[in-house]
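Please view the sequence and the model first.

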Amino acid sequence: MAPPPRPCLLLISALGVFALDSFTKGQKNSTLIFTKENTIRNCSCSVDIRDCDYSLANLMCSCKTVLPLTVERTSYNGRLTIWFTDTSVLGRLLNFTLVQDLKLSLCSTNTLPTEYLAICGLKRLRINMEAKHRFPEQSLFIHSGGDSDSREKPMWLHKGWQPCMYISFLDMALFNRDSSLKSYSIENVTSIANNFPDFSYLKTFPMPSNKSYVVTFIY
């Protein structure tokens, strides 16, 4: 069979380049953070990495080391995955940080304390505790507020802090149990600190009193 004429070959090549370029642009990098031996690695990954596979993450992702004391509060528009062995730095990474899609993977058999993390704008939570319990990955949808909702947009009122209308309190002791994720929400909460006085760290993040919040407890 005769080879296709030269113009056809040029067209096929052009279409191939266009398809590859479109595929590459369509891929969205996700953020992977893992904590190990008092260090934090912040990675941007274009492919999914098997949980707790540190070597593969360092090989396949673009990673940098971050000192715990230099961690700054930020926001994550895409998917954030955190591998951790204890709760020592999770507060620095997550408390009052805007995260919509979060996955937490426990990469040790440590028993975790009853310690609450306060996460802003959380829509979807996934957890994996395979290192401790042979339990399938669990997923929980918190709320489905649209991306265009102005209440979800971060407003920087204080240095290093961004308030939001949806606040999720995550009990880290849930990783000690092999039971299903559960949650319940309270709407129209006008004073976070007064309604939840046991959470002393809320005083560090002053909440505007003229706002109404949706508070979700995940356990």
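How many Å apart are the sulfur atoms of C43 and C63? They lie 2.1 Å apart, and the two residues form a disulfide. The model is a predicted one. C43 sits in strand β2 (residues 39–45) and C63 in strand β3 (residues 62–66), so this pair links distant parts of the chain, 20 residues apart. C43 is buried, with a relative accessible area of 1%, whereas C63 is partly exposed at 21%.

A search of the whole structure finds 3 disulfides, listed here.

| Pair | S to S distance | Handedness |
|---|---|---|
| C43 and C63 | 2.1 Å | right-handed |
| C45 and C61 | 2.1 Å | right-handed |
| C52 and C107 | 2.0 Å | left-handed |

The link of C45 and C61 has 110 degrees about the S-S bond. C45 belongs to strand β2, while C61 is in the loop between α2 (54–60) and β3, 16 residues apart. Both cysteines of this pair, C45 and C61, are buried.

For C52 and C107, the torsion about the S-S bond is about -80 degrees, so the disulfide is left-handed. C52 lies in the loop between β2 and α2 and C107 in the loop between β5 and β6 (116–120), so the pair ties together parts that are 55 residues apart in sequence. C52 is partly exposed at 25% relative accessibility; C107 is buried at 15%.

With the bonded cysteines numbered in sequence order, the pairing reads 1-5, 2-4, 3-6.

N95 is placed in the loop between α3 (90–94) and β5 (98–106). Its relative accessibility is 11%, so N95 counts as buried. The N95 side chain reaches the backbone nitrogen of A118 at 2.8 Å.

Notes: Residues are numbered from 1 along each chain as its sequence is written. This is a predicted model: local features need pLDDT of at least 70, side-chain atom pairs count only at pLDDT 80 or more; totals for chains, interfaces and linings use all residues. Side-chain values use heavy atoms; hydrogens and water are left out. Helices (H or I, at least four residues) and strands (E, at least two) are DSSP runs, numbered from the N terminus. Buried means under 20% relative accessible area, exposed over 50%, partly exposed in between (1.4 Å probe, protein chains only). A polar contact is a pair of N or O atoms within 3.5 Å; within protein, one must be able to donate a hydrogen and the other to accept it, and residues adjacent in sequence count only if both atoms are side-chain atoms. A disulfide is a pair of cysteine sulfur atoms within 2.5 Å.
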